[in-house]
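Work through the following exercises with the sequence and the model open beside you. Each task is followed by a solution that goes step by step.

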Amino acid sequence: MSQTSSKSRGQQVILDQLSHPLKLRAVLCLAMMAAWYAVFFSPLSEQVAATTARIARERQRGATARQIEQLKKALAPYESLISAGADVEELMRHVIDHIRWPLKLIDLKPEKPKDLGPYVAIGLQLKLEGHFAEIDKFLTWVESDRRLLRIDALKLDPASKDPGLLSAQILLLSLSTKPGATPKTNAPVSRNR
């Protein structure tokens with residue numbers, strides 16, 4: 001019985017408070033604002049969160065695009081050093097044309113080309129025999145050639161026949177655009193080292 005009387009007393013206190021017009025208006029305004037927020041701003045807050053996430057993704061894409069453009073600009077001076085559409089056979093001919101007597105080409109094996117995005121790294125395993133000065137001239141030619149060549153591995157051993165001769169095993173790499181692709185710029189560049 002005491003619970004029913006306390007409930008009826010609580011309801012009576014609330015009704016007495018709401019019978020006052022200013023208090024009733026305040027309660028109705030708060031109830032309307034809560035309903036308005038629930039109806040309009042709840043779905044809108046989900047849309048705002050989705051839009052904010054989409055804006056963050058687009059900003060990240062924009063930053064990535066700017067970085068790509070900066071990298072392309074940094075690569076532009078070196079585009080003329082990269083041969084367009086060259087293959088292993090063309091590189092072999094190029095290297096053989098520049099091996100001078102008395103340097104002997106003992107063995108020449110092509111490496112499997114490696115895909116590097118719009119470029120291809122082609123390689124040759126060379127085995128040469130000659131004096132130190134001749135091998136040095138060949139390495140100097142590789143360093144100063146118009147193409148982008150790199151010595152990836154070098155092993156020098158004394159030749160078994162003549163102690164004055166050296167046997168050199170060289171892994172030579174070159175960078176080329178993929179067949180059918182052409183470089184975007186051909187600006188001349190000096191290769192000062």
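**Exercise 1.** List the residues that I122 touches, not counting residues up to four places away in sequence, and state whether I122 is buried or exposed.

*Solution.* With contact taken as heavy atoms within 4.5 Å, I122 touches A86, D87, V88, L91, P113, L172, L173 and S174. One of these contacts, V88, lies 34 residues away from I122 along the chain, and their C-alpha atoms are separated by 6.2 Å. I122 belongs to strand β3, residues 119-130, where strands are DSSP runs of E with at least two residues and helices are runs of H or I with at least four, numbered from the N terminus. Because its relative accessible area is 2%, I122 is buried (buried means under 20%, exposed over 50%, partly exposed in between, with a 1.4 Å probe and protein chains only).

The model is predicted, so local features need pLDDT of at least 70 and side-chain atom pairs count only at pLDDT 80 or more, while totals for chains, interfaces and linings use all residues. Residues are numbered from 1 along each chain as its sequence is written, and side-chain values use heavy atoms, with hydrogens and water left out.

**Exercise 2.** Find how many aromatic pairs the whole structure holds, and describe the geometry of F138 and W141.

*Solution.* The search finds one aromatic pair. F138 and W141 form this pair, with 5.6 Å centre to centre and 35° between the planes, which is tilted (ring centres of Phe, Tyr and Trp, the last by its six-membered ring, within 6.5 Å; planes under 30 degrees apart are stacked, over 60 edge-to-face, the rest tilted). Both residues lie in helix α4, three residues apart, about one turn of the helix, and both F138 and W141 are buried.
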